[in-house]
Amino acid sequence: MPTTIPAEHLVGEQFPLLSLPSTTGETMGPMDFATGSFVLFIYPRTGRPDRVEPPEWSLVPGAKGCTPEACEFRDLAADFASIGYRVLGLSSQETDYQREAAERLHLPYPLLSDPGFVLATACGLPTFGFDGELLHVRSTLVVRERLITHAFLGITEAAAHPRDLINRLRTSR
């Protein structure tokens, strides 16, 4: 089974010019998304070591793995930078909640907060409900000069995805 499902309908589309709060304390605005290249990994939510996930969470395809995925992107951030991409993460969780994860996991990239699902609405990205909460389906968008060049939806192998993606980007250059 593949670790990613291509979403060709998004390839070639322009990334929306949004304003989203970041764990850096600043808001990333339209100019931050209009130029340069970035990998935006979108995840349902990060857990916390002091909170037990309900057992049903592991039954949702692609739901588990946010921390391993974030850590793998952390470990590969310099590799992504070496081929011209900055890494960004995004979930619907509030910035303060995400800041705890960014600090605990020593993430060298910002996590963006989109509780209003502005990006999902603009791009038609999938969401799902769990325990009364709306969440993003694990996805990744690769953007160069505002154009989406690669898109993957419904990622189920969260920890393997970042390495698969860097290898794909290296060979497509």
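## Exercises on a predicted model

At 10% relative accessibility, F117 counts as buried (buried is under 20% relative accessible area, exposed over 50%, partly exposed in between, with a 1.4 Å probe and protein chains only). This is a predicted model, in which local features need pLDDT of at least 70, side-chain atom pairs count only at pLDDT 80 or more, and totals for chains, interfaces and linings use all residues. Residues are numbered from 1 along each chain as its sequence is written, and side-chain values use heavy atoms, with hydrogens and water left out.

**Exercise 1.** Is H106 buried or exposed?

*Solution.* Find the residue. H106 belongs to the loop between α3 (95-104) and β6 (111-113). Check its phi: about 55°, positive, although H106 is not a glycine. Now apply the cut-off. The relative accessible area of H106 is 64%, so H106 is exposed.

**Exercise 2.** Which residues does V60 touch, leaving out those up to four places away in sequence?

*Solution.* Locate V60 in the loop between β4 (37-42) and α2 (66-82). Its relative accessibility is 21%, so V60 counts as partly exposed. Then look for contacts (heavy atoms within 4.5 Å). V60 touches F128 and F130. Take F130: 70 residues separate it from V60 in sequence, while their C-alpha atoms are 8.8 Å apart in space.

**Exercise 3.** Compare the radius of gyration of the protein chain with that of a compact globule.

*Solution.* Take the rule first: 2.2 Å times the number of residues to the power 0.38, with the radius taken over C-alpha atoms. For 173 residues, a compact globule would come near 16 Å; the chain has 15 Å, which agrees. The C-alpha trace spans about 40 × 40 × 30 Å along its principal axes. Buried residues make up 50% of the 173 residues. Finish with the fold's elements: the protein chain has 5 helices and 10 strands.

Technical notes: Helices (H or I, at least four residues) and strands (E, at least two) are DSSP runs, numbered from the N terminus.
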